Amino acid sequence: FKKGHTLYGIDAVVRGVHQSLKSASTAVQCCGFQLLAKILSNQSSNTSLLSNSAGYQQFVQLFVSGLQTCNADLVIDVFPALSAFLRRDHQPSPVPYADLQNVLALVVSNLKGWPAMQCCPVSDVQVKAKSRELEGNSRPSKAQRLLEEGLEVFYHACNLAAVCKEDPLADES
C-alpha cells in the first residue's frame, strides 16, 4: 500500500489540494497542505514521489498558488509542505533552480508582506517571543509562526543547495 500510494497517489493528492484552493474553506485548504507535508516528510528516500517533470511542475504550481493567497493561516501551512518538498530525494536531477527561486521569492514576499513583520524588526519579534516563553505563554503569535516556518523553508533550501553542489549534473545556478 505504501509504495502504491506513493507512486500512484501523490498526483491525486496534489490535484486535490490545488482544487481546495478554489474553495472558500481555509480549514480544508490548510488540512490539504498539512497532509501533503506529512506525506513528503514521511516518504522514504528509497522511493521517488515524482516520476516525471510534469509531476514536479504540479508541485511547484501548487506551492506558488498557496503562497499567493492573502491568508497567513494558509501560508503557515504551506511552508512546512514546501520545506519537506525541498529534500534532495524529492527533486529531479539536475534541480530546476529557476522554479525553486520563484517559489522562494514568494516566501520572502509573504514574510515581508505580513503587516506584523513590517511594523517591528525581527529582533523585536524574537524578544517578544522569548518574553512570552518566560511568562509561560507557549502559544506563539501568528507572526512568530510565519517567521519560524519561513526560516525553516530557507534552512531546507540551503541544505538542498549544499547537497546539490556535489551533483555532477548541477549547473552553476
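What is the mean pLDDT of the protein, and what share of its residues reach 70 or more? Then, for the core itself, which residues have the most contacts inside it, and which elements give two or more residues to it?

Modeller: The model is predicted; local features need pLDDT of at least 70 and side-chain atom pairs count only at pLDDT 80 or more, whereas totals for chains, interfaces and linings use all residues. Residues are numbered from 1 along each chain as its sequence is written, and side-chain values use heavy atoms, with hydrogens and water left out.

The mean pLDDT (the predictor's confidence in each residue, from 0 to 100) is 81, and 77% of the residues reach 70 or more. Over residues 1-7 pLDDT stays under 50, and the model has 12 contacts for them beyond four places in sequence. Where pLDDT is low, the predicted coordinates should not be read in detail.

The protein has 8 helices and 0 strands; here helices (H or I, at least four residues) and strands (E, at least two) are DSSP runs, numbered from the N terminus. Of its 173 residues, 40% are buried, meaning under 20% relative accessible area, where exposed is over 50% and partly exposed lies in between (1.4 Å probe, protein chains only).

The elements giving two or more residues to the core are α1 (2-20), α2 (26-42), α3 (53-67), α4, α5 and α8. Helix α4 gives the most, with 9 residues.

F63 shows how such a residue is surrounded. Leaving aside neighbours within four places in sequence, F63 is in contact (heavy atoms within 4.5 Å) with F33, L40, V78, A81, L82, F85 and V103. Two of these residues, L40 and F85, are also touched by H90, together with L49, L50, Y56 and others, not counting residues up to four places away. H90 lies in the loop between α4 (72-85) and α5 (97-113), and counts as buried because its relative accessibility is 3%.

I76 belongs to helix α4 and is buried, with a relative accessible area of 3%. Beyond four places in sequence, I76 touches K142, R145, L146 and E149. The C-alpha atoms of I76 and L147 are 8.8 Å apart, although 71 residues separate the two along the chain.

Helix α8 (residues 142-164) has 23 residues and reaches 33 Å from its first C-alpha to its last, close to the 33 Å expected at 1.5 Å a residue; the expected span is 1.5 Å times one less than the number of residues. Its buried residues include L146, L147, G150, V153, A157, L160 and C164. An α-helix has 3.6 residues a turn, so residues three or four places apart point the same way.

C164 is buried at a relative accessible area of 1%, and C30 is buried at 9%. The closest cysteine sulfur to that of C30 is in C31, 7.1 Å away, which is too far for a bond. With a disulfide taken as a pair of cysteine sulfur atoms within 2.5 Å, the count is 0.
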